[in-house]
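Work through the exercises below with the sequence and the model side by side, and try each task before reading its solution.

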Amino acid sequence: MSTVSAYVATSATEPLTKGTIERRDPGPHDVVIDIKFAGICHSDIHTVKGEWGLPNYPLVVGHEIAGVVSEVGADVTKYQVGDHVGVGCFVDSCRECRSCKTGNDQYCQRGATFTYNSVDKYGQPTHGGYSEAIVVDENYVLRIPDSLPLDKAAPLLCAGVTLYSPLRHWKAGKDTRLAIIGLGGLGHMGVKLGAALGAEVTVLSQSLKKMEDGLRLGAKHYYATADRDTFRTLRGSFDLILNTVSANLPLDEYVNLLDVDGTLVELGIPEHPMQVGAFPLALMRRSLSGSNIGSIAETQEVLDFCAEHDVTPEIEVVAADYINEAYERVLASDVRYRFVIDISTL
Ligand code: NAP
Ligand code: ZN
Ligand code: ZN
């Protein structure tokens with residue numbers, strides 16, 4: 001065991017504070033990673049605040065992890081000391097179920113072991129990336145291409161792959177009229193990746209405050225959802241809508257923006273259930289779906305895709321003692337567009 005510094009959540013209401021956690025000694029297939037940067041995902045905030053049920057405190061969150069290999073177990077073949085690597089939202093899965101065997105390990109039927117707030121196969125609680133080091137089985141470690149700076153690579157491990165996976169699954173391309181709801185951490189990656197895949201991207205944001213950014217990031221159109229005219233103008237306009245909003249929305253109004261056979265994919269996971277009527281779906285044979293992160297293979301794919309196409313997130317690098325303030329800014333939709341913690345400041 002080794003003791004490492006971390007930023008720790010101790011309850012749903014207290015701010016995160018500096019503390020320590022234990023990391024296991026590397027087993028034969030483990031990679032020890034010296035964490036350099038960790039992104040702040042809204043899921044970290046939902047979890048810490050107990051909005052998805054009370055987690056096991058004390059807890060260290062963070063699942064957008066970028067760092068450098070500092071040690072490898074005896075049987076590790078994929079990585080060497082000094083390699084640039086990442087860890088995303090899960091660190092293990094059963095490897096035997098239908099999902100795991102068909103490259104959908106994020107949907108492991110026995111439940112993937114998430115990077116934080118899970119229990120690993122050794123019976124220990126998992127802790128995430130707001131910490132100096134992590135020990136992960138080599139099969140759940142991603143290679144970060146040399147051309148991607150580590151701070152910009154970090155958000156690809158969750159925000160990037162969470163948008164990349166549905167864009168590929170629903171085959172977004174040059175004939176796709178794509179709308180992204182919410183221009184935050186996930187949403188801005190949806191704009192960039194959607195545009196890189198050739199889709200015609202529209203942003204649906206609460207206001208026009210970030211319009212200039214949205215167009216610069218690759219959107220062709222930008223609308224404010226606070227304006228009732230948006231819903232009249234855009235009715236029946238899209239093939240694919242990706243909802244990245246962290247709060248409840250009146251989904252019917254957004255489903256009505258789909259053309260015949262269009263699909264709205266729910267990516268945001270707000271605390272409370274949302275309602276949708278049967279009429280907006282049935283009348284135009286529209287679909288409502290959801291998608292959770294991406295597989296290990298897709299996570300590697302998005303890292304390689306972003307390196308090749310020079311697609312990187314817009315980030316604000318912050319010191320560890322700014323985490324609580326960063327949370328407040330994320331909650332106020334004041335993030336441009338992902339906070340990334342510089343772990344050297346821990
Ligand atoms: P974020 O950076 O806070 O972005 C969310 C955006 O939603 C905001 O920037 C804002 O965009 C919009 N929004 C916020 N509150 C709103 C409200 N009350 N009404 C309308 N729009 C609102 O969060 P994120 O990190 O991108 O995560 C977004 C959601 O996805 C969270 O629920 C998170 O847990 C979830 N998530 C899911 C997955 C998955 O695999 N499915 C993976 C990661 C995260 P505008 O200012 O442009 O309106
Ligand atoms: Zn996340
Ligand atoms: Zn499985």
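Two exercises follow, each with a worked solution. The model is predicted, so local features need pLDDT of at least 70 and side-chain atom pairs count only at pLDDT 80 or more, while totals for chains, interfaces and linings use all residues. Residues are numbered from 1 along each chain as its sequence is written, chains are lettered from A and ligands numbered from 1 in the order in which they are written, and side-chain values use heavy atoms, leaving out hydrogens and water.

**Exercise 1.** Identify the protein donors of the zinc ion (ligand 2) and their spacing along the chain.

*Solution.* Begin with the donors, meaning N, O and S atoms within 2.8 Å of the metal (3.2 Å for Na, K and Ca), with water not among the atoms, so that sites may look incomplete. The protein donors are Cys41 (SG), His63 (NE2) and Cys158 (SG), which lie 2.0 to 2.2 Å from the zinc ion. Next, read their spacing, which is C-x21-H-x94-C. The pair Cys41 and Cys158 links distant parts of the chain, 117 residues apart.

**Exercise 2.** Decide whether Thr299 is buried or exposed, and find its contacts.

*Solution.* First apply the cut-offs: buried means under 20% relative accessible area, exposed over 50%, and partly exposed in between (1.4 Å probe, protein chains only). Thr299 is buried because its relative accessibility is 4%. Then list its contacts (heavy atoms within 4.5 Å); leaving aside neighbours within four places in sequence, Thr299 touches Leu142, Leu157, Val161 and Gly294. For comparison, Cys41 is buried at 3%, and Val260 is partly exposed at 41%.

Terms used: Helix = DSSP H or I, 4+ residues; strand = E, 2+ residues; numbered from the N terminus.
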